[in-house]
Amino acid sequence: MKEQLFHKVCDDIIGREKDFMGIGTLSEKTVHSVLKNYYEANELNHEVKIEGFVADICNGKEIIEIQTRSFDRLRKKLSIFLQHFPVTIVYPVPYIKWIRWINPETGKISSPRKSPKKGSPYMIFPELYKIKNFLKLPNLRFKIVLLNMEEYRILDGWSKDKKKGSTKCDRIPLEMVDEIYISGLEDYKLLIPKSLGEEFSSKDFKAASGLSNNASSIAMNILNHVDSIQKVGKKGRLYIYSRSI
């Protein structure tokens, strides 16, 4: 993680003149732009066409795709890209987030309010499930990037205060907190909370990771699939797992 470089890229990207009415034409476009320039300064290597698909970054040695969600949209790309180069999927996660509301009539922006929710690297599991069949391929890698950021939302929702169902127009990164690099199957063990005991269930994983019941079950499925954990028994309706040696 290169903190000085990250802040320089943020200053360059965010410092460009922005017209409020143009914000939000692409989901989380500022986060995407900052990370693209952080991981590859040479813009000639941005948006490179490969067999009918466009890679966010291709430098002749590897491909980098920045994907905030919907990994299922990458399936066709991965089938092609992995034939040519190693592929790293960069997955940004809001670690600490401040919300700012935009009045669409006046353009006035509220002061930031801190969200009570905090992000974690474990949030990637539901996305990994969407490309489960690719995970054991040797050339597929992941970078989970924890970012502090401001999120701008338009007061256009259906509730009385216009907040529920509102439109998210952009996210502005403020600080890179951490990078978790999954370069091979052995590294998936980094996604097992250290606080877990020798043996644990999806319920234990839920408590340690802060994920929902469903996401915790998905996490067990993925970790078992990549051989980071193994089933060792059953307690009631719950399977019991241990870390693979």
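Is Cys 169 buried or exposed? In this predicted model, Cys 169 is buried, because its relative accessible area is 2%, and the cut-off for buried is under 20%.

Let us stay with the cysteines for a moment. A disulfide is a covalent bond between the sulfur atoms of two cysteines. If you look for such bonds here, you will find 0 disulfides in the structure. Cys 169 takes part in none, and the nearest cysteine sulfur to its own belongs to Cys 10, 17 Å away. A pair would have to lie within 2.5 Å to count, so these two sulfurs do not form a disulfide. Cys 58 is another one to look at: its relative accessibility is 9%, so Cys 58 counts as buried too.

Helix 1 covers residues 3–14 and helix 2 covers residues 29–39; their axes lie 9 Å apart, and the helices pack at an angle of about 130°. That angle makes helix 1 oblique to helix 2. The crossing of helix 1 past helix 2 is right-handed. On the side of helix 1, the contact is made by Leu 5, Phe 6, Val 9, Cys 10, Ile 13 and Ile 14. Helix 2 answers with Thr 30, Ser 33, Val 34, Leu 35, Asn 37 and Tyr 38.

Next, follow the chain to Ile 124, which sits in the loop between strand 5 (113–114) and helix 4 (125–129). With a relative accessibility of 1%, Ile 124 counts as buried. What does Ile 124 contact, leaving aside its neighbours within four places in sequence? Its partners are Phe 71, Tyr 91, Phe 142, Ile 144 and Leu 191. Take Phe 71 from that list: Phe 71 and Ile 124 are 53 residues apart along the chain, yet 9.8 Å separates their C-alpha atoms.

Finally, two places in the backbone deserve a look. Glu 47, in strand 1 (residues 46–50), has a phi near 50°, a positive value in a residue other than glycine. Glu 47 counts as partly exposed, because its relative accessibility is 40%. Asp 227 also has a positive phi, near 65°, and is likewise a residue other than glycine. You can find Asp 227 in the loop between helix 6 (213–225) and strand 9 (229–235). Its relative accessible area is 47%, so Asp 227 is partly exposed.

Conventions:
Residues numbered from 1 in each chain as written. Predicted model: local features only at pLDDT ≥ 70, side-chain atom pairs only at ≥ 80, totals over all residues. Heavy atoms only, no water. Axes fitted to C-alpha atoms, helices over the stretch in contact; angles between N-to-C directions. Helix = DSSP H or I, 4+ residues; strand = E, 2+ residues; numbered from the N terminus. Parallel < 35°, antiparallel > 145°, perpendicular 65-115°, else oblique. Left-handed = near helix turned anticlockwise from the far one by under 90°. Contact = heavy atoms within 4.5 Å. Buried < 20%, exposed > 50% of the residue type's maximum accessible area, 1.4 Å probe, protein only.
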